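This report walks through one structural model, element by element. The sequence and coordinates come first.

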Amino acid sequence: MINFQYAKANDVGEAVRLIAADRGAKFIAGGTNLVDLMKDEVERPTRLIDISRLPLKRVEETAAGGLRIGALVPNSDLAWHPLVERRYPLLASAILSGASAQLRNMASTGGNLLQRTRCHYFYDTATPCNKRAPGSGCAAIGGLNRMHAILGASEACIATHPSDMCVALAALAASVHVTGPAGERTIAFADFHRLPGDSPERDTNLDLTEIVTAIELPAEGFASHYSYLKIRDRLSYAFALVSVAAALALDGETIQDARLALGGVAHKPWRDADAEAALRGARATTETFTQAAELILRGARGHGHNDFKIDLARRAIVRALTQAARGTPQSQSDKRIQ
Amino acid sequence: MTSTTVSARTTPDPIPLPDAVPVRFTVNGKDVTLALRPWTTLLDCLRDHLKLTGTKKGCDHGQCGACTVMVDGRRIVSCLSLAVMNDGAQVTTIEGLAQNGELHALQQAFIDHDAFQCGYCTPGQICSAAGLIAEGRAKTADEIREAMSGNICRCAAYPNILAAIQQAMGAS
């Protein structure tokens with residue numbers, strides 16, 4: 001870790017002023033990813049602005065019937081919040097599938113969105129990485145890329161976004177409230193993270209001088225028919241090879257509304273309007289789910305070691321949608337997949 | 001080692017040494033006042049500044065759980081927490097679990113069930129299990145295994161750790 005200065009922000013306005021005044025500064029909240037990256041000198045902030053005491057720790061119902069989640073609500077508190085458990089169990093399930101109990105106690109909601117890829121080459125400062133050192137190349141292309149992207153990747157970067165929580169937030173069509181020097185704005189979740197293109201050093205469309213203050217969920221939580229199915233190399237405490245957030249609104253066997261988001265396969269949680277449109281109005285059958293899987297994966301491309309992910313994703317999608325339709329979501333403690 | 005590897009890491013350090021930051025918290029019920037450089041982790045603060053070496057440094061990257069302590073009643077990994085960010089907190093380490101010379105129910109249960117071999121992960125396992133019990137969520141064996149998955153035991157004492165936690169849950 002390199003030397004850095006430390007400052008505490010007492011309110012959101014002060015946090016924004018401090019970050020705008022110092023190009024080398026970064027916010028720190030839970031610190032679970034940033035401190036780790038600083039130890040490896042992947043991140044080298046010259047000043048940390050401690051935002052952990054800001055009053056952004058409330059979960060409130062909105063006038064629109066949704067939920068507004070403060071950016072500093074710890075992941076564990078969010079997963080176990082009574083309103084989240086009852087109305088947004090897909091979100092609770094996704095959070096509990098990720099990290100460990102200790103990390104979920106530390107990690108904040110806003111920080112979860114801003115965590116960085118776990119690509120081994122991004123962490124290894126002895127190798128080229130366009131995300132860490134723009135223009136240096138991508139060691140994952142042609143390297144060990146078992147964990148890497150099959151959708152939306154570029155010639156510059158095939159890293160994946162590591163979050164489970166964000167896959168559920170994408171499926172639930174959340175929005176992100178941010179504050180910057182110019183004031184407040186709201187970013188649709190689909191527009192928050194970005195694809196790598198030729199600038200993979202930028203993970204999100206958040207400006208460097210902006211702070212995430214809250215995540216807002218719309219009223220529809222798909223609490224009756226959902227599943228978060230995460231496939232990984234060990235049963236717990238590992239990042240996803242492929243994960244699926246599936247949510248259905250059913251009228252008998254007919255799908256009224258559907259959401260499908262994938263994790264572990266792209267630089268951002270992956271949704272596809274055509275796949276969801278194919279589900280809407282159709283009968284909840286294996287054939288329908290297979291068609292949706294084919295649609296969402298139609299642009300998928302492997303890079304060698306991760307070729308298996310395409311077929312794995314196809315089958316995980318069908319299974320998660322089947323679990324959702326049956327009303328038997330994947331348990332995050334009993335790991336048998338049924 | 002190749003020359004390119006070396007040259008990539010020889011950037012001069014541009015940041016002047018910052019002032020030490022005052023921090024005050026309680027550790028195992030005792031008030032502690034320190035002045036620390038901002039990069040001192042809670043783990044290094046406990047071990048090197050307060051000489052509480054029961055909390056172990058394993059991976060130092062939040063992956064093994066050996067450094068687990070309780071902060072304000074919640075289990076965390078102390079290697080990823082900057083000490084100065086714990087101002088005002090109540091920290092409990094493995095040294096703080098026994099009361100009046102009597103082992104905590106979890107400590108006794110770990111002995112009863114031989115829930116360790118080398119013992120290096122044990123302080124973290126016990127602090128993590130104390131956090132698990134305080135959470136009140138995990139009840140079944142599957143749920144306890146899942147909730148303890150952030151604590152790695154390379155001696156693989158997992159069946160005995162599970163049995164010890166179940167015993168302590170019954171006692172608490």
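## Layout of chain B

From the N terminus on, chain B runs α-β-β-α-β-β-β-α-α-α-α. That comes to 6 helices and 5 strands. Helices (H or I, at least four residues) and strands (E, at least two) are DSSP runs, numbered from the N terminus.

This is a predicted model: local features need pLDDT of at least 70, side-chain atom pairs count only at pLDDT 80 or more, and totals for chains, interfaces and linings use all residues. Residues are numbered from 1 along each chain as its sequence is written, while chains are lettered from A and ligands numbered from 1 in the order in which they are written.

The C-alpha trace of chain B spans about 55 × 45 × 25 Å along its principal axes. Of its 172 residues, 41% count as buried. Buried means 20 or more other C-beta atoms within 10 Å of the residue's own; exposed means 12 or fewer; partly exposed lies in between; C-beta atoms are placed from the backbone.

Among contacts in chain B with a separation of 6 or more, 58% link residues 24 or more positions apart. A contact requires C-beta atoms, placed from the backbone, within 7 Å.

## Two positive phi values in chain B

Asn28(B) is not a glycine, yet its phi is positive, about 50 degrees. It sits in the loop between strand E1 (21–27) and strand E2 (30–36) of chain B. Asn28(B) has 18 C-beta neighbours inside 10 Å, so it counts as partly exposed.

Lys51(B), also not a glycine, has a positive phi of about 60 degrees. Its loop lies between helix H2 (42–49) and strand E3 (68–71) of chain B. Lys51(B) counts as exposed because it has 7 C-beta neighbours inside 10 Å.

## Where the chains touch

Chain B gives 32 residues to the contact and chain A gives 28. On the chain B side, strand E4 (74–77), helix H4 (122–135) and helix H5 (141–147) each supply at least two residues. That side of chain B divides into 15 nonpolar, 10 polar and 7 charged residues. Here Ala, Val, Leu, Ile, Met, Phe, Trp, Tyr, Cys and Pro count as nonpolar, Asp, Glu, Lys and Arg as charged, and the others, Gly among them, as polar.

## An open sheet in chain A

In chain A, 4 strands form an open antiparallel sheet, ordered E9-E10-E11-E12. Strands pair if DSSP finds at least two bridges between them. Strand E9 (226–231) and strand E12 (270–271) of chain A each have a single partner strand, so one side of each is left without a neighbour in the sheet.

Strand E11 (residues 254–263) of chain A is joined to antiparallel E12(A) by 2 bridges. Ala261(A) stands opposite Arg271(A) in E12(A).

Notes:
Two residues are in contact if their C-beta atoms, placed from the backbone, lie within 7 Å.
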